[in-house]
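Student: I am new to this protein. Can you show me how to read the model, one feature at a time?
Tutor: Gladly. Look it over, then ask.

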Amino acid sequence: MTTVLLQVFSLFAITDLQVEATSLRLAGQMLPEVSKLTARGGQVCAGTLCGAALRSQGGVVRLRIAGKIDRSYPGDVEITAREGKLSAVVRMDLENAVAAVVAAEMPDGAAQAQYAQAVAARSYYAAQKGRHTGADFCDSTHCQFLTVATDASRSAALRTRGQVLRYRNEPVAAMYFRSCGGRTKRAEEVKLPGAAYPFAAVECRTCLREPYTWESEVPGALFREGPSEALRLELTRRFGWNRMPSNDYTAEARGETLVLRGKGQGHGVGMCQRGALGLAAAGEDYRAILSHYFPGARIGD
Ligand SMILES: [Zn+2]
Ligand SMILES: [Zn+2]
């Protein structure tokens with residue numbers, strides 16, 4: 001069984017956590033559940049019982065931050081502490097992780113688009129292990145965003161079980177994004193490392209016919225150069241996601257500000273999810289969808 005180590009709740013600074021699992025162990029003791037796990041320096045503590053890590057074994061683990069988030073994960077958790085903050089890493093079967101990504105990224109009801117998403121997500125996991133210290137991946141868009149799997153997303157993982165995109169025999173760190181402006185982008189166009197990602201830009205019928213459009217204003221001083229994913233992420237961090245939804249835009253100076261008019265949502269490299277839904281609706285299968293957006297890649301084990 002292939003597993004991945006996922007850092008969960010990665011967008012939260014966790015100071016206390018509620019933990020439920022069939023079997024929990026801390027400092028050599030078995031605990032039925034921990035209603036309030038806290039960090040004391042580099043130790044995790046349940047009341048007065050402290051240790052280097054709280055671990056679960058077998059079954060499902062439920063983690064809760066009161067009033068913020070409540071999730072159950074199939075897999076074993078290890079919770080450690082560093083500088084007063086908790087960190088939770090779940091060892092999950094790869095196919096369960098794929099199903100959780102599909103649930104976050106592609107709507108139920110479009111089976112072939114979900115299959116394409118499953119292969120893309122699995123390929124990314126196969127190609128990019130070890131992106132974090134202590135975990136392979138996080139659960140935010142930094143790696144792949146994931147949520148609770150649905151019946152349909154589990155079925156998408158199962159129906160494509162083990163399949164990954166390969167380019168020159170290596171698994172592809174498949175990229176994908178919400179929608180484009182009618183044409184996808186090569187990685188270099190948005191200043192992402194291109195050697196690892198050799199795919200050509202392709203036309204996208206759905207978005208070409210009817211693109212998602214947006215308009216926004218940004219401080220002109222921030223623009224040192226043309227479109228780049230780094231700039232887009234910087235603007236997103238500082239002002240929110242809707243300031244520069246995509247890298248496909250024209251800019252017009254108005255005093256100190258720039259007026260941006262753009263198309264699409266996301267970095268624009270790899271599979272356009274809106275286009276994939278369009279192809280699925282037109283009767284294409286997931287193999288055709290993937291070979292359209294990743295020309296030159298093949299689907300293998
Ligand atoms: Zn990450
Ligand atoms: Zn598109």
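Student: How many bridges join S2 to strand S7 (residues 60-65)?
Tutor: One caution before the reply: this is a predicted model. Three bridges join S2 to S7, and the two strands run antiparallel. One pair to find on screen is Gln 18 with its bridge partner in S7, Arg 64.

Student: Which strand does S2 meet over seven bridges?
Tutor: Strand S3 (residues 29-40). S2 itself covers residues 16-26, and S2 and S3 run antiparallel. Look for Leu 24, whose bridge partner in S3 is Leu 31.

Student: What do S2 and S3 form, and how many residues lie between them?
Tutor: They form a hairpin, with two residues between the strands. Check the turn: Ala 27 there has a positive phi of about 50°.

Student: Where does strand S6 come in?
Tutor: S6 (residues 54-56) is joined to S2 by three bridges, in the antiparallel sense. Leu 26 stands opposite Leu 54 in S6.

Student: How do I read side chains along a strand?
Tutor: In a regular strand, side chains alternate between the two faces of the sheet.

Student: What is the strand order in the open sheet that holds S12?
Tutor: The order is S13-S12-S19, three strands with antiparallel pairing. To read a sheet's edges, count partners. Strand S13 (170-171) and strand S19 (298-300) each have a single partner strand, so one side of each is left without a neighbour in the sheet.

Student: How many bridges join S12 to S19?
Tutor: Three, with S12 spanning residues 164-167 and running antiparallel to S19. Within that pairing, Leu 165 has Ile 299 of S19 as its bridge partner.

Student: Which helix packs on that sheet?
Tutor: Helix H2 (residues 111-127). H2 touches S12, S13 and S19. Its direction makes about 60° with that of S12.

Student: What is the order of the open sheet that includes S17?
Tutor: S15-S17-S16, again three strands with antiparallel pairing. Strand S15 (213-219) and strand S16 (249-254) stand at the edges; each has a single partner strand, so each has one side without a neighbour in the sheet. The twist averages 20° from one strand to the next.

Student: Over how many bridges do S16 and S17 pair?
Tutor: Six, in the antiparallel sense, with S17 covering residues 257-263. Find Tyr 249, then its bridge partner in S17, Gly 262.

Student: Now helices. At what angle do H1 and H3 pack?
Tutor: For a helix pair, read the angle, the axes, the handedness and the residues that meet. Helix H1 (residues 94-105) and helix H3 (residues 151-159) pack at about 130°, with their axes 8 Å apart. H1 and H3 are therefore oblique to each other. Their crossing is right-handed.

Student: Which residues meet there?
Tutor: From H1, Glu 95, Val 98, Ala 99, Val 102 and Ala 103; from H3, Ser 153, Arg 154, Ala 156 and Ala 157. By class, this contact has six nonpolar, one polar and two charged residues.

Student: How do the axes of H6 and H7 cross?
Tutor: At roughly 140°, where the axes of helix H6 (residues 273-281) and helix H7 (residues 286-293) come within 10 Å. That makes H6 oblique to H7. H6 passes H7 in a right-handed crossing. H6 brings Ala 276, Leu 279 and Ala 280 to the contact, and H7 brings Ala 288, Ile 289 and His 292. Five of these residues are nonpolar, one is polar and none is charged.

Student: What about H2 and H7: at what angle do their axes cross?
Tutor: Roughly 55°, and the axes come within 8 Å. H2 and H7 are therefore oblique to each other. This crossing is right-handed. Gln 112, Ala 113, Tyr 115, Ala 116 and Val 119 in H2 meet Tyr 286, Ile 289 and Leu 290 in H7. The contact has seven nonpolar residues, one polar and no charged.

Student: Last, how is the protein chain divided?
Tutor: Into domain 1 (3-93), domain 2 (95-203 + 269-300) and domain 3 (208-263). Taken over C-alpha atoms, the centres of domain 1 and domain 3 are separated by 39 Å.

How values were computed: Residues numbered from 1 in each chain as written. Chains lettered and ligands numbered in written order. Predicted model: local features only at pLDDT ≥ 70, side-chain atom pairs only at ≥ 80, totals over all residues. Pairing = 2+ DSSP bridges. Helix = DSSP H or I, 4+ residues; strand = E, 2+ residues; numbered from the N terminus. Contact = placed C-beta atoms within 7 Å. Axes fitted to C-alpha atoms, helices over the stretch in contact; angles between N-to-C directions. Parallel < 35°, antiparallel > 145°, perpendicular 65-115°, else oblique. Left-handed = near helix turned anticlockwise from the far one by under 90°. Nonpolar A, V, L, I, M, F, W, Y, C, P; charged D, E, K, R; others polar. Domains from an automatic or database assignment.
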